[in-house]
Amino acid sequence: MTPPLLARELRKDYPMNGETVHALRGVSLRVDAGDYVAIVGPSGSGKSTLLQLLGGLDTPSSGSVEVLGTPLDTLSDAELTRLRLTRLGFIFQRFHLLPVLTARENVELPMAEAGVARAERRSRARELLAYVGLGHRADHRATQLSGGEMQRVAIARALANRPAVLLADEPTGELDAATGHEILELFRRLNGDGTTLAVVTHDDRLAAEAGRIIHMLDGTIRD
Amino acid sequence: MLLTLAFRHLWVRKLRSLFLFFGFSLGVGVMVVLLSVGEAMLEQSRDASLVGGGEITVLPQGIDIEAMRTGGLGGMFFGIDRARYLTRQAIGGPRHAGIVRTVAPAIEGKLLYLCSLSGPCRPTPVRAGGEIPSRAAALGAGLDVRQGSWHDTSADSAYVAPTTQQLYDELDRFHIPRVADSSWGEWHYFNLTAGPEEWWYVTYLVGGGLSLSPAGAGSRWGGRLLVTHRRPDGRYERFTADVPAAAVRLDTTRADLALGPNTVRQRDGVYHLHAVATGPAGELRLDLDVRPLRNRYFPPVELREDDFLSGYVVPGLAASARGTACVAGHCRRLVDVPAYHDHNWGVWRDVTWEWGAARGSELSLLYGGVYGPERGVSGAGAVTSPFFMALVDSLGIMQVLRFSRIAYTGGKAAEGGAAAAVAPAGFSLLGTRGGDSVGFTAEVDHALATETGAGSFRRHFFQMRGRFRLHGRLAGTEVSDSGQGFFETYLPR
């Protein structure tokens, strides 16, 4: 069966002050459908770089990434954008919600971009907000929500186009312990409902929920 | 969804939206203005009525435009002598009425010095300009004054579009000499062709040390009427009338002149002549109306050097005259006979000239040149005006050509008091200018000789009448005409 994510010998080098920084040094990874993978490691170990390459947000210096069997380096910019929109969901540490839109409109936005009809996307947005426990806050603007609520809206938004994999980068990094726990519970429920997750985190509790933990150090995986 | 996002941004961030809106409006406004200017320029460049339009810069002869711009001495002391003629005839006259809609004369950057009316003069240099308000407005370049008004004065109107009265007064006005000079003379000259063998020369002359300054108060001067009648039988009659200075009335703004009872009065382009004089044949009485034909005039020209001055204008290169001429009580009615009128002024001591005025079926012709006072017997003169030949038709001056010499040929016994005076039997000249050239030949039928000068300056002054032919090309067009004319020259005795 074709895995949602497959990375082979990823290398990423950055020029910096006349020298080359080797952020990734030949990382290979396979994420199967239904997996819950936590990527952990100290700062500068390359975990966020790995997540960006897996999500097609950046291109490797060498190696390849396949999403549902499609090599990303064979896609044009427009095709890659379309793939990110419809096959991958992203959750960021700082939520990146549009403050002038309501929670529902934020969730609708990726569906509107994907061409989903207005009635359908409105219905699904309310459904997703109810799923993350924010059905009663659908018509509040993002600025009127708490940090935990904003992250739950961001999770609902990431799920909007039914992605094959949900990629999360430090999803509890901006939240207090209690609120972070709510997100942890939500992720557990998501995975239990069949959502494939790849999460970069420093949060031991969140990592402990994952079915597989990948430790990174100096741009390599240390299992 | 994107529209929702855009409008929501505007609604939620009202102050920022307002600021951006005004900034955007300002940008759009500036762009609209720039596009409008560009569009206007584009429209102007395509406007058929403006094709061929533009500025003509006229400079005094010998003055460089850069010298004028940078405030050279030329900007202070030189002027355009015939700027009015350029405006009215050369550019804005009837010849170009089909292609020139309006002429807006303007002077720019003229260097002037200002002095206070009170106290010692501490000159302040200024740059000044001027234009005619109505003409500038006709070009779309009129001033939008915030206070007061900007309209033509009567002087402005007289400059660009004078009435007939103003035009001929301006052309034919009298002059005051800069210094009292006993050889100063200024006169109205008319000639009339009463028949194939009969013509009249009529001269109203003011002469002597005319001066309005206190230094010249004691100078002797006065007026003289001089009439020469060439009778059909070939005999010449002369009539004169002298008047003292007190009986002379002249006007530096008008053509009118009174020498006692003998008068010239110009009214709406018609010269009313009244003359009473005596001669061997008895008393002469002339009452004539001389009417110059429209556009057949030649503008004033002056030749100056030190105290020498010679001025000349032809208000009536072709004219018609009617009235009565009575000699010893025998009167003759003249009806619309061909006539000519010019006006001369200057110092005339030892001055001679070449001159001719002729009239063909279509064209009028004028040629001439002045020799200054130091011209010797050899014919070389220290001061000479350029020889010119002007061709004029019903629309005004067609061209002013230059020529270097007149080739006189043959000999013909002249009449008059000078014994054994021999006038030329004929002559020719070739006028050229750029690609234009016109050849002129004349055969002298009659000549009248007058002895002039004393000592080394002894000359015969010949007044001749004869037939002419001209042929040539002007602006690529062939011109040809023939007719009769009056000619003058001086030859050594």
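The model is predicted, so to speak of local features a pLDDT of at least 70 is needed, side-chain atom pairs count only at pLDDT 80 or more, and totals for chains, interfaces and linings use all residues. Residues are numbered from 1 along each chain as its sequence is written, chains are lettered from A and ligands numbered from 1 in the order in which they are written, and side-chain values use heavy atoms, with hydrogens and water left out.

A disulfide is taken here as a pair of cysteine sulfur atoms within 2.5 Å, and this rule gives two of them over all chains. In the pair B:Cys326 and B:Cys331, the sulfur atoms lie 1.9 Å apart. The torsion about their S-S bond is about 110°, so this disulfide is right-handed. B:Cys326 is buried at 11% relative accessibility, whereas B:Cys331 is exposed at 55%. B:Cys115 and B:Cys121 form a disulfide with sulfur atoms 1.5 Å apart; B:Cys115 is partly exposed at 42%, and B:Cys121 is partly exposed at 41%. Counting bonded cysteines along chain B, the pattern is 1-2, 3-4.

Turning to the backbone of chain A, A:Glu9 has a positive phi near 45° without being a glycine. A:Glu9 belongs to strand β1, residues 5–16 (helices, H or I, of at least four residues and strands, E, of at least two are DSSP runs numbered from the N terminus), and is partly exposed at 45% relative accessibility. A:His96, also not a glycine, has a positive phi of about 55°. A:His96 sits in the loop between β6 (88–91) and α3 (103–114) and is partly exposed at 48%.

Key: Buried means under 20% relative accessible area, exposed over 50%, partly exposed in between (1.4 Å probe, protein chains only).
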